[in-house]
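Hi everyone, thanks for coming.

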Amino acid sequence: MANKKMYYAFEDPFGDAMEFQATSLRQAMIIKKKKAQAIGKPKEAFELTSIRKKPIQGE
């Protein structure tokens with residue numbers, strides 16, 4: 001499964017969600033931290049909700 005990108009989805013208790021591609025869970029956690037900081041929220045507010053091969057339709 002090395003070098004295969006998966007889609008990681010995270011959501012906070014208020015319903016704010018983010019989904020992006022990463023090659024590993026470790027990389028996904030780093031991306032989550034950067035995206036959370038960019039919108040002014042703590043990284044701890046976002047919980048992993050899914051890992052899949054294809055993105056959610058309509059996004």
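A word on terms before we start: buried means under 20% relative accessible area, exposed means over 50%, and partly exposed lies in between, with a 1.4 Å probe and protein chains only. What you see is a predicted model, where local features need pLDDT of at least 70, side-chain atom pairs count only at pLDDT 80 or more, and totals for chains, interfaces and linings use all residues. Residues are numbered from 1 along each chain as its sequence is written, and side-chain values use heavy atoms, leaving out hydrogens and water.

Now to helix 1. Helices (H or I, at least four residues) and strands (E, at least two) are DSSP runs, numbered from the N terminus. Which residues of helix 1 are buried? They are A28, K32 and A36. Looking down the axis of helix 1, the buried residues fall within an arc of 70 degrees, so they line one face; that arc is taken from the directions from the helix axis to the C-beta atoms. These buried residues pack against strand 1 (6-11) and strand 2 (17-22), where contact means heavy atoms within 4.5 Å.

Turn to the other side of helix 1, and you find R26, K34, Q37 and A38 exposed. M29, also in helix 1, counts as partly exposed because its relative accessibility is 37%.

One last stop: just after helix 1, G40 takes a positive phi of about 80 degrees. Happy to take questions!
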